[in-house]
Amino acid sequence: MLSLENIHTYYGRSHILQGISLHIQPGETVALLGRNGAGKSTTINSIMGFTPPRHGRIHLHQTDITHQPPHRIARLGVGLVPQGRDIFPLLTVHENLTLAARHSHKHGWTLDRVLALFPALAQRQYARGSQLSGGEQQMLALGRALLTNPDLLLLDEPSEGLAPLIVTEISHILRQLRQEGLSILLVEQNLSLALNLADRLYVLNKGQIAFTGTPADLHYQPEIKHRYLGV
Ligand SMILES: Nc1ncnc2c1ncn2[C@@H]1O[C@H](COP(=O)(O)OP(=O)(O)OP(=O)(O)O)[C@@H](O)[C@H]1O
Ligand SMILES: [Mg+2]
């Protein structure tokens with residue numbers, strides 16, 4: 001579904017991603033973990049075309065997307081739930097959703113289906129984005145991405161700043177999406193959420209992959225958990 005080969009990404013002269021290789025098979029949920037500043041969002045932004053890599057290649061299916069603009073990468077089937085949600089605060093829930101909607105026979109996400117998945121949003125359709133709680137905003141960002149009918153969903157710390165009950169709710173929804181066969185790249189600092197959902201994990205440290213394996217593999221590596229994830 002997605003492959004990153006030896007990606008190097010810079011901000012000006014700062015060499016942030018230093019040779020990242022990462023692969024996602026169709027239908028796989030892959031977690032990308034790491035401390036603050038490890039380069040998780042930069043990885044997402046490199047895939048999405050916001051910060052194109054200076055070296056290395058990124059393929060979606062068989063298509064080279066390394067230097068494609070973000071809107072084209074989105075149209076090729078990548079849905080983004082950005083860190084901090086970035087919903088439109090002055091637009092209503094309904095407007096935020098319908099603005100993003102793109103029809104697809106393949107995946108079949110419609111407004112009604114998204115509202116059925118998130119009953120809290122259905123009840124607040126005519127509230128503005130800014131009037132929603134953090135959890136509702138996160139659901140709106142997720143619903144908006146689903147309405148683009150993506151093949152691959154990128155989620156940048158969906159649990160950030162949310163109460164445990166809401167995190168559990170989001171975890172149930174992501175599990176459901178996974179069961180439906182969606183491919184997911186989940187950036188997280190919440191280790192238990194990532195361990196619960198992911199088929200495989202990558203741990204990022206200072207712009208390099210420090211570990212890759214299954215959740216069970218990581219379980220037997222307490223030193224990796226301690227050194228790179230602080231747990
Ligand atoms: N626009 C930017 N210009 C310059 N440096 C940046 C920019 N954005 C991020 N950085 C730097 O790049 C490094 C990686 O940042 P990134 O946002 O990818 O980390 P992260 O793993 O997503 O962290 P967090 O968990 O806090 O979101 C950090 O050192 C950060 O300061
Ligand atoms: Mg980040």
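**Ligand site**

I began at ligand 1. Of the 13 residues around it, I found that Tyr-11, Asn-36, Lys-40, Ser-41 and Thr-42 come nearest; a residue counts as near if its C-beta atom, placed from the backbone, lies within 6 Å of the molecule. I noted that this is a predicted model, where local features need pLDDT of at least 70, side-chain atom pairs count only at pLDDT 80 or more, and totals for chains, interfaces and linings use all residues. Residues are numbered from 1 along each chain as its sequence is written, while chains are lettered from A and ligands numbered from 1 in the order in which they are written.

Which element gives the most to the shell around ligand 1? Helix 1 does, with three residues. Strand 2 and helix 1 each supply at least two. I used DSSP runs for both kinds of element, numbered from the N terminus: helices are H or I with at least four residues, strands are E with at least two.

I sorted the shell by type: three nonpolar, nine polar and one charged. Here Ala, Val, Leu, Ile, Met, Phe, Trp, Tyr, Cys and Pro count as nonpolar, Asp, Glu, Lys and Arg as charged, and the others, Gly among them, as polar.

Strand 1 (residues 2-11) and strand 4 (residues 55-60) share five bridges. Leu-2 has Leu-60 of strand 4 as its bridge partner.

Strand 3 (residues 29-33) runs parallel to strand 8 (residues 183-188), joined by five bridges. I saw Thr-29 opposite Ile-184 in strand 8.

**Helix 3**

Which residues of helix 3 (residues 93-100) are buried? I listed Val-93, Asn-96, Leu-97 and Ala-100. Buried means that 20 or more other C-beta atoms, placed from the backbone, lie within 10 Å of the residue's own. They cover an arc of only 90 degrees around the axis, which puts them on the same side of helix 3; the arc is that of the directions from the helix axis to the C-beta atoms. The buried residues of helix 3 pack against helix 4 (111-117), helix 5 (119-123) and helix 6 (134-147), where contact means C-beta atoms within 7 Å, placed from the backbone.

Methods
Pairing = 2+ DSSP bridges. Buried ≥ 20, exposed ≤ 12 C-beta atoms within 10 Å, placed from the backbone. Contact = placed C-beta atoms within 7 Å.
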